[in-house]
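Visitor: Please show me the model, and then let us go through a few of its features.

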Amino acid sequence: MKFRNKSALLVAALCVIGNVCAAETGSGQGMEEVVVTAEFREASVLETGSSITLLDSEVIERRGATHLEQLLNLAPNVNFASGASRGKFIQIRGIGERSQFVEPLNPSVGLLIDGIDFSGIGGAATTLDMRQIEILRGPQGTLYGANALAGLVNMRSNDPTDRFEGSVATAIAEHETRTTSAVLSGPISDTLGYRLALQGHRSDGYIDNDYLHRHDTSNLDEVTARGKLQWRASDDLQVNFTGFYVDADNGYDAFSLDNTRHTLSDQPGHDRQETTAVAVETIWQGFERFDVVGLLSYADSNLEYSYDEDWSYVGICSGQPCDGWEYSSFDRYRRDRQNGALDLRLVSREAGRLFNGSSDWVLGLYYRFQDESLLRQYSFASTDFSSDFDTRNRAVYGQLDSWLTERLKLSSGLRLEFRQADYDDSDRVNHDNSERLWGGRLGLEYSLTPQTLVYGLVSRGYKAGGVNSNPSLNPGAREFDTEYLWNYEAGIKGDWLDHRLAVQMSLFFQDRHEMQVKQSLVEPISGSACPCSFTDYFDNAARGENYGAELEVNWQATERVRLYGSLGLLRATFKNFASFSHVDADPANAVAVDLSGHEQAHAPSYQFAAGMEVALARRLTAGLEVEGKESFYLSPRHNASSDRYELVNARLDYDLAQWSFSLWGRNLGDRDVIVRGFGEFGNDPRKFYETEPYYQYGEPRIVGVTAKYRF
C-alpha cells in the first residue's frame with residue numbers, strides 16, 4: 001500500500017503523547033460509556049465485535065455541525081460526495097454511490113434516522129437534537145440487508161425526559177449564516193413523556209454568481225422539526241412515537257468554468273427535499289422467555305434536483321472568436337418517493353436462553369416497500385421523461401450469541417431476503433426483477449481482560465442487481481448483476497487506565513464479487529464538440545478488493561486535557577474490469593479502458609482526524625482539531641482527482657450557569673476542498689470546449705459564535 005507518512009505520523013505521534021500523558025498523570029476522571037443502539041441488543045462500543053464509530057452530542061456541538069456531512073471526516077475510512085447542496089452520498093471503506101440522475105439507485109450505505117429509512121436521500125440528515133450518530137463499517141447483511149453492503153449510518157435523537165427541561169440556541173457565522181433551534185422535553189403524566197425540537201438554518205452559501213451579481217445562488221434554507229412521545233402503556237408494554245419533518249429549499253450553483261467559487265450561470269438550480277415521516281416502536285415484555293419488539297415506519301419525500309448545464313449565460317461569447325459556439329441548457333429531476341418498513345423481532349431474555357443458558361437469540365421478520373416516480377425536464381429532450389421504480393423486500397433473519405466459555409463468545413447471524421423490483425418509463429422500457437438474496441456473519445469475541453476485547457469476523461453482504469434504462473445501450477449492457485461482498489475483519493478494543501483511555505483498532509479485507517460500478521457514456525448531442533449528453537449506467541467488474549486498517553483513540557490525559565484521534569488506511573482496486581467511458585457521435589464507438597489494478601473512486605489511501613480539548617479555567621475550555629485526506633480519484637471514468645488536504649478547526653467555550661457561549665471556526669486555513677468533480681469533457685465555449693476537469697468545492701473558512709440557554 002502507498003501511504004504518505006506525514007498525516008499518519010501526526011496521528012501516531014498524538015497517540016504516543018496521549019499514552020505518555022495518561023501514564024504519568026495517574027488517576028483522573030473516566031469517560032462516559034457510550035452505547036450502540038443499531039445492533040439487535042444495546043451494548044457499549046467496546047463490547048461490540050465490529051468496527052464502529054460513535055459520535056455523541058458533545059462531538060456534534062464541538063464541530064458546530066448542522067448536517068451529517070460536517071461530521072463524517074471524524075470517522076476513519078468514511079468519505080462523501082456532493083454534486084448537490086449537501087454531501088449526501090456516503091462511502092464507507094471506498095464503497096458507495098457518488099450521484100444520482102436518471103437511473104434508480106440501490107444504496108450501498110444505509111441511513112436510518114430514528115429508525116426511519118432515508119437511504120439514498122441524505123439531505124434529510126440534519127443534526128437537530130441528535131443524541132448520537134453510529135457509523136457501522138462493513139456489510140450489515142444480518143442487521144439490515146440489501147441497502148447496507150458497505151455499512152450503516154444510524155442517527156438517534158434524544159428521547160423524552162422524566163423532568164421538564166429545554167434549551168434555546170442561536171448561531172451566527174460568516175456568509176450570512178444563521179441557525180436557531182429550540183427543544184422542550186418533559187412528562188405529561190406518570191406514564192407519558194414528550195419531546196419537541198425545531199430548527200431553522202439559513203446561509204447564503206459560498207458561491208458568488210458574477211453574472212447575476214448574487215451571493216446566494218447556492219444558499220441553504222433548511223427547517224427541521226421533530227416530535228417524540230414515550231408512553232408506558234402498562235408494566236409490560238412501552239410505545240414510542242416519532243414524527244419528523246424536514247424542508248430543505250436549497251440552491252445549487254456549484255460548478256464554475258474557471259474552477260473557482262465564482263460562477264456565471266444564468267439559470268441557477270435547486271436541491272430541494274421536503275419529507276414527512278413517522279415511526280412507531282413497541283416493546284412488549286409480557287413473556288418470560290423473550291421480548292417482542294416491533295418498528296413500523298413511513299416516509300413521504302418530494303425531491304427536486306436541477307442545475308444550469310452549461311454553467312454560463314447566453315451571449316458569453318458575443319464579440320469573441322468563440323461567437324456562436326455556446327449552448328444553453330437546463331436539467332431538472334423531480335422525484336416523489338414513499339417508503340415504509342415493518343420490522344418485528346423476538347429478543348430472548350435471560351430465562352429464554354438456549355443450550356443450558358449459554359446462548360442469546362434474536363428471530364425477526366422484515367418487510368419494506370418503496371415507490372419512486374421521476375419526472376425529468378431537459379432542454380434538449382423533445383418531451384419530458386418519466387419513470388416509476390417500485391421495490392418490495394421481504395426477509396427473515398436470526399442471530400445467535402453463544403458463550404462457549406466465560407471469555408469466548410461465538411456470534412452467528414443469517415438473513416434470507418426476497419426482493420421484487422418493477423421498472424417502467426416513458427421510453428417504453430419495462431423491467432421486472434425478482435431475486436433471492438442472503439447475507440450473514442460469523443464472529444468470535446474473546447475477552448482478554450474485563451477491559452480488553454479481541455475479535456474476528458467473517459460477514460457477507462449483498463446489493464441487488466437492476467436495469468439500465470437508456471434504450472441506446474447495447475442489449476448486453478441493459479442489466480447489471482447482484483453484487484456480493486465478503487468481509488474479513490479482526491480487531492482489538494480496550495478501555496484502560498481506569499476508564500481514561502479507549503482504543504479501537506481493526507484490520508479488514510473485503511472481496512467484492514460482481515462489483516457494481518457506475519459508468520457514463522459521453523456523446524455530443526448534435527455532432528459538434530458540445531453540448532454533450534451523459535448516459536449513466538451500471539456495469540459489473542468481475543471483482544474488487546478493498547483492504548486496510550482503522551484506529552480510534554480517546555483518552556483523558558489529565559483532569560484538564562483530553563486527546564482524541566482517528567486514522568483510516570485504505571487500498572481499493574478493481575480486478576478484471578474494462579471501462580467504456582467515451583463515445584463519438586455513434587454509441588457503437590465506445591472506447592474500452594482496462595482498469596484492472598486501478599484505484600476505486602472516492603477511496604483515499606489515508607484519512608485522519610486528531611484533536612485536543614483543554615480546560616483553561618473552571619468555565620473556559622479550548623479545543624483544536626486537525627483533519628485530512630489523501631487525494632483520490634473522483635470517478636472510474638476519468639483520471640481527475642481531488643487534492644490532498646489538511647484542515648484546522650478550533651473552538652473556545654465559556655459556560656456561565658445555564659448559559660453557554662462558543663466561538664468556533666472550521667477550515668481556518670481556508671483550503672479549497674474538492675467534494676465532487678468531472679473530467680473527460682469540455683464545457684467552456686471560450687476554450688472551444690477543450691477537455692478539462694471541473695470541480696465543486698466544499699465549505700471554505702467559516703467562523704461563527706453560538707449562544708445556548710438551558711432550562
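Guide: V703 lies in strand β39, strands being DSSP runs of E with at least two residues, numbered from the N terminus. This is a predicted model, in which local features need pLDDT of at least 70, side-chain atom pairs count only at pLDDT 80 or more, and totals for chains, interfaces and linings use all residues. Residues are numbered from 1 along each chain as its sequence is written, and side-chain values use heavy atoms, with hydrogens and water left out.

Visitor: Does V703 count as buried, partly exposed or exposed?

Guide: Buried means under 20% relative accessible area and exposed over 50%, with partly exposed in between (1.4 Å probe, protein chains only). Because its relative accessibility is 33%, V703 counts as partly exposed.

Visitor: Which strand pairs with β35 over seven bridges?

Guide: Two strands pair if DSSP finds at least two bridges between them. Strand β34 (residues 620-629) runs antiparallel to β35 and is joined to it by ten bridges. The antiparallel partner over seven bridges is β36 (residues 659-666).

Visitor: Which residue takes a positive phi in the hairpin of β35 and β36?

Guide: L656 has W659 in β36 as its bridge partner. The hairpin has two residues between the strands, and the one with a positive phi near 55° is A657.

How values were computed:
Helices (H or I, at least four residues) and strands (E, at least two) are DSSP runs, numbered from the N terminus.
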